[in-house]
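Here's a quick tour of one model, with the cut-offs spelled out along the way. Have a look at the structure first.

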Amino acid sequence: MTHGFGPVAPPDAQFRATAEQRQAQLTKPGGALGRLEELGNWVAACQGLCPPKQFERAAVVVFAGDHGVARHGVSAYPSEVTAQMVANFLDGGAAVNALAAVAGATVRVADISVDADTDPRVSEHKVRRSSGAIDRADALTGEEVQAALAAGRAIADEEIDAGADLLIVGDMGIGNTTPATVLVATLTDTEPVAAVGRGTGIDDAGWARKVAAIRDAMRRARPVVKDPVELLRVAAGADFAAMAAFLAQAATRRTPVILDGVVVTAAAMVAEDLAAGASAWWLAGHRSTEPAHTLALKHLRLEPVIDLTMRLGEGSGALAALPILRSAVAVLADMSTFAEAGVSTADARPAPTAPDLRK
């Protein structure tokens, strides 16, 4: 089912094959650049072009939203931090800003459900103030989940129509690893204690409260697990619905995406159910220290580019991986072939002469 999203065509297999053939002709032993070669081939398939072009407008969108469950002791920080960090993003003072500057990406913030008034520059697509406490109430109404899905789709269209050739999804929301873990554990049929991490750095008592909240939310989520829209409405939130729709629409528009950590990847699991085949357009930027993130990556059959024990969110892990993806494009596009460089290939070497055993 596509749930209102257009059909998702896979990246172009012909151009992937052409890229593989070019890799074999470049001035290096076959496979010597390891996964860089695989990543370059993926970009060529996504662009339908070989050699591929270097990304000209990589765009990060940070989806911000609060969650009622955060008021129940599942985070080390108060909910007020979400709005404060949105202001920090706009001022250019956050990790996502610093990493984007190095990686050559723009940063956009979208307030989907922050529990405060925010700058009009980021609140155009706002659905509500904070999603519901999912351990005891639905996250959204039916109208709100549809509004959040529409927001995510619209934001993807806006970025792609403005020229984005690579998208990165980030998140900001105190307590958002709780609904993320609910989604992952529910969709993978995993017990809460095996999926719950420390989030922003909670202590043992906070971890126990988080496990209990996730257990209760999963009990409410299981009856709707087969319906991705209802799952988002009951057990996730407006920011998750917007991220899922953004990811589904990006795939429909044939635009590659680098996923970030557990929050974004949880939304991606639902996006794959919204638009089957969308995951072929996604690259896992990194592996978070959150146990649920490894479960989500395995579910989506995605192998992360880096593993630096990061757990910040904001798109930080995806941005740390972007220079590696750029390197993969540069290798495939800018290296000379053996013929161009006048370098002999392994096949061109004379066969070794057998020793004369009569001497």
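## A charge over a ring

R153 sits over the face of F5, 4.2 Å from the ring centre. The rule here asks for NZ of Lys or CZ of Arg within 6 Å of the ring centre and within 35 degrees of the ring normal.

Some ground rules: this is a predicted model, where local features need pLDDT of at least 70, side-chain atom pairs count only at pLDDT 80 or more, and totals for chains, interfaces and linings use all residues. Residues are numbered from 1 along each chain as its sequence is written, and side-chain values use heavy atoms, with hydrogens and water left out.

## The nonpolar cores

The largest nonpolar core has 113 residues, and F63, F240 and W282 touch the most other members. Helix 10 (residues 238–252) gives the most to this core, with 12 residues. There is also a second, separate core of 5 residues, with A19, L26, A44 and L332 among them.

A core here is a set of buried Ala, Val, Leu, Ile, Met, Phe, Trp, Tyr and Cys residues joined through side-chain atoms within 4.5 Å. Buried means under 20% relative accessible area, exposed over 50%, and partly exposed in between (1.4 Å probe, protein chains only). Helices (H or I, at least four residues) and strands (E, at least two) are DSSP runs, numbered from the N terminus.

## One aromatic pair

The count comes to 1 aromatic pair, taking ring centres of Phe, Tyr and Trp (its six-membered ring) within 6.5 Å, with planes under 30 degrees apart as stacked, over 60 as edge-to-face and the rest as tilted. F63 and F246 make up an edge-to-face pair, at 5.3 Å centre to centre and 70° between the planes. F63 belongs to strand 1 and F246 to helix 10, so the pair ties together parts 183 residues apart in sequence. F63 is buried at 0% relative accessible area, and F246 is buried at 0% too.

H67 lies in the loop between strand 1 (58–65) and helix 3 (80–91). Is H67 buried or exposed? With 2% relative accessibility, H67 counts as buried.

The H67 side chain makes a polar contact with the side chain of D239, at 2.9 Å (N or O atoms within 3.5 Å; within protein, one must be able to donate a hydrogen and the other to accept it, and residues adjacent in sequence count only if both atoms are side-chain atoms). Beyond four places in sequence, H67 touches residues including S130, I174, P179 and F240, with contact meaning heavy atoms within 4.5 Å.
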